[in-house]
Amino acid sequence: MRKPALLCALAATLALGAAAPTFAADVQIGFTGPISGPASFLGQQMKWGAEQAIAELNKRGGVLGRKVSFTMLDSQCRPAEAVSAAQKLISQDKVDVLMGDLCSGATMAVMPLAESAHKPMIVSISTLPEITDKAGVGGNKWVFRTVPNDRMLASVIGTQLAHTKTISFIAEDTDYGRSAVKLVKARLGADAKVVSEDYVKSTETDFLPVLTRLRSTKPQALAVFMLDQQGYNLMKQYTQFGLKMPLVARPPLLAPLAKGLLAGGKFDGSWTVYPYFDQYSSPANDAFVKPFVAQHKQGPHYVAYGVYESIMVAADAIRRAGSTGPDAVREALAKTDYQGILGPITFDDHNQSHNNLMLVQVEHGKLGVKLIPSK
């Protein structure tokens with residue numbers, strides 16, 4: 001008597017299982033970044049930018065009727081760690097689109113993985129020109145970049161330094177720092193004289209020997225290429241030495257830490273060229289910044305903007321492709337014409353976009369900003 005009852009129960013269970021709805025897998029975005037290490041505060045901003053983009057996409061119904069999600073793994077901004085993390089994103093997490101790291105060296109190390117795995121990759125923060133050189137017709141057709149590179153930034157910086165006769169450089173001792181200095185030097189006027197050129201390790205906190213020399217040589221401008229925390233330490237010691245020359249090129253004037261230093265007026269005349277500044281007012285940027293500040297009680301750093309924008313570009317490509325198939329997404333990315341926060345995003349034959357840039361200047365202790373085209 002019990003056997004028929006068990007069979008009936010089993011049949012009912014199987015029927016319920018057959019009738020259970022099936023859900024399409026998430027559209028997966030994956031990227032590496034500094035969750036730990038000296039640049040982890042920027043990794044946090046990357047994560048916040050991704051969270052906002054994903055939340056907005058899913059509120060609109062996702063992409064192709066599927067929920068969008070992301071995975072961020074720690075690279076510490078180191079090439080070896082970035083490669084290990086990217087391998088996991090590709091082989092285990094099965095991401096549909098890969099995104100680049102914060103540091104250019106880490107991004108460069110991941111690019112061959114994207115190519116060998118046939119995985120579309122978007123570089124949203126790293127600015128080393130060699131990334132552009134190697135992408136698209138440069139050989140790696142799977143890599144696209146939504147942020148202007150250092151060559152474009154250097155062109156604008158060189159124009160701004162056209163009438164500077166004496167200049168000193170201080171930069172982090174990385175691919176980014178050395179490449180940026182080289183590019184800017186090549187664009188200085190014929191009469192410009194480089195007074196000094198210093199490169200410091202990312203762990204360096206004492207700039208007194210360099211600043212002591214600068215107080216003696218008195219260049220007209222000090223060109224700085226450093227990440228926020230280290231650049232802030234330089235700026236603090238600069239004020240203690242009573243130096244007067246403006247900080248130019250890429251000093252971290254936009255960093256929240258620097259706000260108090262700028263208010264005193266000691267950096268008036270300083271300026272920086274950045275891919276993004278949250279204080280730029282436009283309907284598109286205000287729509288991005290307002291919810292970000294409400295959520296995190298601080299404005300978005302350019303890295304948050306970069307990740308946010310790139311996820312939106314990826315979603316747009318997947319939507320137009322009609323699938324997450326890698327070849328279809330890559331072909332759709334190549335045909336991108338996306339209206340971004342700062343203007344249209346399209347890619348040239350090296351898969352490089354030519355977004356607008358921002359010239360940010362310190363005037364009376366406050367930051368003023370204007371949009372300028374990249375070349």
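Residues are numbered from 1 along each chain as its sequence is written, and side-chain values rest on heavy atoms, without hydrogens and water. Because the model is predicted, local features need pLDDT of at least 70 and side-chain atom pairs count only at pLDDT 80 or more, while totals for chains, interfaces and linings use all residues.

Five strands form an open sheet in the order β2-β1-β3-β4-β5, with parallel pairing; strands (E, at least two residues) and helices (H or I, at least four) are DSSP runs numbered from the N terminus, and two strands pair if DSSP finds at least two bridges between them. The edges are β2 (68-74) and β5 (143-145), each of which pairs on one side only. From one strand to the next, the twist averages 25°. Strand β4 (residues 121-123) is joined to β5 by three bridges, and Ile122 has Phe144 of β5 as its bridge partner.

Two helices accompany these strands. Helix α2 (residues 40-59) packs on the sheet and touches β1 (27-33) and β2, its direction making about 170° with that of β2. Helix α4 (residues 104-117) lies across β3 (97-99), β4 and β5, at about 160° to β4. Here contact means heavy atoms within 4.5 Å, and angles, from 0 to 180 degrees, are taken between N-to-C directions of axes fitted to C-alpha atoms, for helices over the stretch in contact.

Beyond its neighbours within four places in sequence, Ile311 contacts Ile29, Ala50, Ala53, Ile54, Leu57 and Met99.

Finally, the whole structure holds one disulfide, a pair of cysteine sulfur atoms within 2.5 Å. The sulfur atoms of Cys77 and Cys103 are 2.0 Å apart, and their link is right-handed, with 90° about the S-S bond. Cys77 sits in the loop between β2 and α3 (79-91) and Cys103 in the loop between β3 and α4, so the pair ties together parts 26 residues apart in sequence.
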